[in-house]
Amino acid sequence: MTAMISTPPAGTLGDAAVAAFDRKRRVAFAIPAVVLVYLTYIFFAFDIPGIVTNARTDNAAILLSDFWSHKTHVTRDNRSGTVTVAIEGENKGTYPPSRLPEWVGMQDSLTRIDLGKGYEVVYEGEGARFTVPDYGVIRVQPEGRGIRLDLPEGEIPDWINASSARVTVTTPEGRFSMTRNRTETFRYEPGWELFFFTLDSPFSGLSFRELANLAISGERIDPARPNIVHMISDFWNNQMWRHGDVAWALFETVLMAFLGTMGAAVVALPLAFLAASNFTPARSLRFVLRRFFDFVRGVDGLIWTIILSRAFGPGPLTGSLAILMTDTGSFGKLFSEALENVDRKQVEGVQSTGASPIQQARFGVMPQIVPVLLSQVLYYLESNTRSATVIGAIVGGGIGLLLTQAIITQKDWEEVSYYIILIVLMVMAMDSLSGWLRGLLIGQTGRT
Amino acid sequence: MTDTASAKSGDIRADYLAHARQRQMYSGILLLVFVLLMVSGFQLADARNAGGFWTGIHQFFDFPSEVVSEAVAKAANLPGLMWKFLPSLIETVNIAGVATLIGACGGALLSLLSTRGLARFPALIPVFRRLMDAMRAIPEIVIALVLIFVLGGGPVPAMIAIAFHTTGALGKLFSEVSENADRKPVEGLSSAGASWSQSMWLGVLPQVTPNWLSYALLRFEINVRASAILGFVGSGGIGYDLKTAMQWGQGRYDQVVAIFLLLFATIVVIDQVSSHFRHKLVKGH
């Protein structure tokens, strides 16, 4: 009998093994098949083919080129004949006529724009001519109600787009367009324009060396204050890039994350004691609190943000409170779980010395859970910095707001890239900060 | 003899007390700094907010009660509206689902490439790690908004944005798991002539799958929330419907309530189901 059990017929064991292998093999094929079916369904549900055909690659090109370059518009109003040279065509970036860039030459009614590499645009009288190396000279002249285009012999190349109302010539060195009302040339240059000083500042266009000289020695440009203070203020109040406002926005975002996370931890800690089974014998109270945590977490940051911004209006306080609300639920749950895993012996030791319940919690429980809590709080602080960017876009505070505004206007892509870089740096800085604090407070280096 | 001993113990006692006092002082200072930061931070945030905290706190229930009273008055509409918004809800969940799926695949690959002892190109480990850090650091909204500009509205920008972030986040968590994986199966497989992908597939994956799946499920929960919020800011899914209903304001609050209820129910159900499965995966049956 015993022999029968210890050595079952070889056939059964083998069958079982084969069956198990079969099951495994089926699962190994079934899972990828299910995933594939799901992805196929998504492919059509999300209309991927339609998105691919409708993708605005021209937008992507604008975006990419704006990330690292800027353009200067040389515009002639064909009615009045006045020519303006402006960075990105903005008022704030218009060159005063006395300080035109060296590649623009103006004499009476003749404007010569040197685009480099032999490309040259000349506005002359009513018309204009564009010299393109290896091709020839393109002449454009207003005629009647439209525009007349004179090209060198041969077929019209695809980089020239001409109709009776508008002529556009796109070359690697620059873009030229003419309508009845205005003649415009764009020259592209690498770098972010006027990043440090705008044109109205006396420091614009100076090299780093000249600036350093001015800052250290040099005569005071503004007698009322030293050059270095002048420089910092001109940089900080730069109208084009608004460094001061951006710094404030970044600070606001970090502030929202900090206040939300820490506030949630402060609120959740006492509640967690009440929700932990080994500290609160009252079952109904525990149940109510747990459901409260679940509710607050389940309502989700998005809904809290909407409700709170109705009550408190837009701004960083609303964002902080939204983070605080959501994370109170998460922390309450996490903390009460940590509290339930506390070692009872230390608490009993403290209790045996005649300590009150509060003292027991302080000296018996807190030393055990503080490392766990701190590392969770710091982890949330880092992740909330990212959430604060999104929440800021909804409540209207911080860098999230600036970013959405810049994206919605769809022209200041260099500002968008500036903000993106700053946001990434901010999140990385908060990541290192929370890792460093974790190491400092808990005594072990953060995970890398 | 006894005199010196008691003097010595007295010294020790004094030292200990001084040490304890110093520690107490440090934690006191730390606490004080923390409280000061919190108080001044809240005051600053309050000052820069459009509405103040103390005026707002009275209005806190105004909006919810307004919304709820209108919804109660139109309670008959709610089931129909919930049915109407169900496709958007499914889209939101699908965005999160696909993003988690893609992110998990990408994260798995990156994590294996950046785990010491398993990496295909050990010299490139720091590169892949920094890559994951960068992917984690870029907030989803940034990518989503930029992609909306290029691809137009709809669910795809949100999906790509979340997938990108998920790849970085899961890659980091996955590599922590695979770092603890037993190397013996891998060695055995490579000694039998298995290629890198074969030894990963047959040697590492069976060990790490339960923990990886558990992390992926947790990420799915997070992604559902992220997908709803991205819809509100950008486009696609139930978040977008919520934004339209909110912009309409009064008169459409029954829609707002229907969406709130759907979202709440979905998040709670997904949380419960995922925590059930995670428990099962990590702790065994």
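Visitor: How many bridges join strand β11 of chain A to strand β12 of chain A?

Guide: This is a predicted model, in which local features need pLDDT of at least 70 and side-chain atom pairs count only at pLDDT 80 or more, while totals for chains, interfaces and linings use all residues. Residues are numbered from 1 along each chain as its sequence is written, and chains are lettered from A and ligands numbered from 1 in the order in which they are written. Strands here are DSSP runs of E of at least two residues, numbered from the N terminus, and two of them pair if DSSP finds at least two bridges between them. Strand β11 covers residues 174-179 and runs antiparallel to strand β12, residues 182-190, in chain A, and the number of bridges joining them is five.

Visitor: Which residue in β12(A) is the bridge partner of A:Phe176?

Guide: Strand β11 of chain A spans residues 174-179. Across in β12(A), the bridge partner of A:Phe176 is A:Thr185.

Visitor: Which strands of chain A are the edge strands of the open sheet of six strands?

Guide: The sheet has antiparallel pairing and the order β2-β1-β12-β11-β10-β9 in chain A. An edge strand here pairs on one side only, and in chain A these are β2 (83-87) and β9 (160-162).

Visitor: What radius of gyration does chain A have?

Guide: The radius is taken over C-alpha atoms, and the globule rule is 2.2 Å times the number of residues to the power 0.38. For a compact globule of 448 residues the value would be near 22 Å, whereas chain A has 34 Å.

Methods:
Helices (H or I, at least four residues) and strands (E, at least two) are DSSP runs, numbered from the N terminus.
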